[in-house]
Amino acid sequence: MTTKNLFPDLKSKSLTPAAARKSRINWTDRVRRLSKLGFAAFILYTSVVHGTAADEATTASIDALCPFGALETSWKFISTGGQFISKTHVSNVVLGLGLLIGVLIAGGAFCGWVCPFGAVQDLMNWIRRKLHVREIQVSPRVDRILRYGRFVVLGMVLYQTISTVKLWFADWDPYRTLFGLGWLFEFNLATSWFAYAVVIVVLGVSLFVERAWCRYACPLGGAISLLGNFSLLRMRRSGDACKGCNVCQTPCPVKLPVATANTISSDCIGCLACVQACPRPGALELKLAPTWFDGIRKILTKQAEVSHAR
Ligand code: SF4
Ligand code: SF4
């Protein structure tokens with residue numbers, strides 16, 4: 001797709017730089033919404049095909065299409081020289097590698113542009129706003145502590161998967177419960193009550209606390225956040241252009257301290273809501289400037305100062 005097709009406003013009218021920037025951001029936002037919708041529809045379609053197939057073994061299940069499955073099966077894959085734990089396949093490894101490359105380039109964009117469960121939580125937030133229900137604000141200190149929950153869940157899932165040699169998380173993963181459509185095609189309260197309870201609680205909490213699952217419990221989100229520290233693209237705030245109005249902070253779905261950080265946390269999901277809200281062009285930008293660049297630059301500057309002083 002060419003830039004002209006993506007931003008038709010720029011082609012048809014002559015816009016001021018500020019209007020062109022706004023138009024570009026609005027179009028990016030539309031593409032992002034479409035992307036989330038497309039991926040959610042694809043996963044639902046796959047689950048319907050799988051759930052209605054005469055022989056389930058002939059169709060792909062939701063488990064085979066999860067990049068997190070690559071991480072879950074990695075220990076068995078490495079320790080046995082190529083075997084998978086039950087329900088995972090080579091497709092998980094391919095998707096996992098794709099996600100790894102994506103994270104190393106664009107950080108948490110998967111969560112903002114692809115993940116269907118992130119999209120569902122955005123939908124819950126939209127419903128809350130339509131119902132004029134007040135959002136619950138988690139204090140920054142509590143928020144900081146709760147975010148470690150993702151790493152605890154990640155550690156627990158990997159430990160249990162290695163010890164039980166099965167997809168331990170699958171029994172209560174709210175994404176799988178909801179999008180796998182087991183509740184529709186093979187509803188069973190006796191065996192799946194816990195999975196149903198988890199998804200109801202998660203969606204209930206997400207109605208009041210924006211993207212609560214992503215921020216506090218998602219193991220894949222935790223892994224993405226850790227790897228995102230090495231990503232090439234990072235959201236940066238320029239102290240010179242920023243006027244400290246805090247306008248960018250409110251729309252952030254994962255409630256990051258955008259207005260005070262120079263390099264935005266690796267928890268950023270690349271939704272660009274902060275850039276869209278910011279009245280100062282150039283104050284917030286997605287830049288090809290990984291944080292490890294900062295370290296290299298610091299060392300080089302120090303060395304230049306030392307040689308200059310000699
Ligand atoms: S944090 Fe987890 S649930 Fe949220 S968008 Fe990312 S992968 Fe999906
Ligand atoms: S920092 Fe900006 S781009 Fe990142 S998640 Fe928040 S609003 Fe979206």
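This is a predicted model: local features need pLDDT of at least 70, side-chain atom pairs count only at pLDDT 80 or more; totals for chains, interfaces and linings use all residues.

Reader: What does the chain contain in the way of helices and strands?

Author: The chain has 16 helices and two strands. Its C-alpha atoms fill a box of roughly 70 × 55 × 40 Å along the principal axes.

Reader: How do you know whether the radius of gyration agrees with that of a compact globule?

Author: For 310 residues, a compact globule would have a radius of gyration near 19 Å.

Reader: Why is L71 called buried?

Author: L71 has 21 C-beta neighbours inside 10 Å. The cut-off is 20 or more, so L71 counts as buried. This residue is found in helix α4, which covers residues 68-80. Leaving aside residues up to four places away in sequence, L71 touches G96 and A223.

Reader: What is noted about phi in L181 and in L272?

Author: L181 has a positive phi of about 60° although it is not a glycine. In L272, also a residue other than glycine, phi is positive and near 70°.

Reader: Why is F293 called partly exposed?

Author: The limit for an exposed residue is 12 or fewer neighbours. F293 has 13 C-beta neighbours inside 10 Å, so it counts as partly exposed. F293 is found in helix α16, residues 291-309.

Reader: How do you know the class of S35, and which residues does S35 touch?

Author: S35 has 15 other C-beta atoms within 10 Å, so it is partly exposed. Its place is in helix α3 (residues 17-52). Not counting residues up to four places away in sequence, S35 touches W113 and V114. S35 and V114 are 79 residues apart along the chain, with their C-alpha atoms separated by 6.4 Å.

Reader: What share of the contacts joins residues 24 or more positions apart?

Author: Among contacts with a separation of 6 or more, residues 24 or more positions apart account for 69%.

Reader: Why are α9 and α14 called roughly perpendicular?

Author: Two packed helices are described by the angle between their axes and the distance between the axes. The axes of helix α9 (residues 149-164) and helix α14 (residues 219-228) cross at roughly 110° and come within 8 Å. Angles of 65 to 115 degrees count as roughly perpendicular, and α9 and α14 are therefore given that description. The contact is made by R150, F151, V153, L154 and V157 of α9 and by P219, G221, G222, A223 and S225 of α14. By class, six of these residues are nonpolar, three polar and one charged.

Reader: Which residues lie around ligand 1, and how do they divide by class?

Author: The residues around ligand 1 are C111, C115, F117, G118, W213, C214, C218, L220 and G221. Seven are nonpolar, two are polar and none is charged. Gly is counted among the polar residues, and the shell includes G118 and G221. Each of α7 (116-130), α13 (212-216) and α14 supplies at least two residues of this shell.

Reader: What can be said of the residues around ligand 2?

Author: Of the 15 residues around ligand 2, C252, C268, C271, A273 and C274 come nearest. The shell around ligand 2 divides into 14 nonpolar residues, one polar and no charged.

How values were computed. Residues are numbered from 1 along each chain as its sequence is written. Chains are lettered from A and ligands numbered from 1 in the order in which they are written. Helices (H or I, at least four residues) and strands (E, at least two) are DSSP runs, numbered from the N terminus. Two residues are in contact if their C-beta atoms, placed from the backbone, lie within 7 Å. A residue is near a molecule or strand if its C-beta atom, placed from the backbone, lies within 6 Å of it. The radius of gyration is taken over C-alpha atoms; the globule rule is 2.2 Å times the number of residues to the power 0.38. Axes are lines fitted to C-alpha atoms, for helices over the stretch in contact, and angles run from 0 to 180 degrees between N-to-C directions. Angles under 35 degrees count as roughly parallel, over 145 as roughly antiparallel, 65 to 115 as roughly perpendicular and the rest as oblique.
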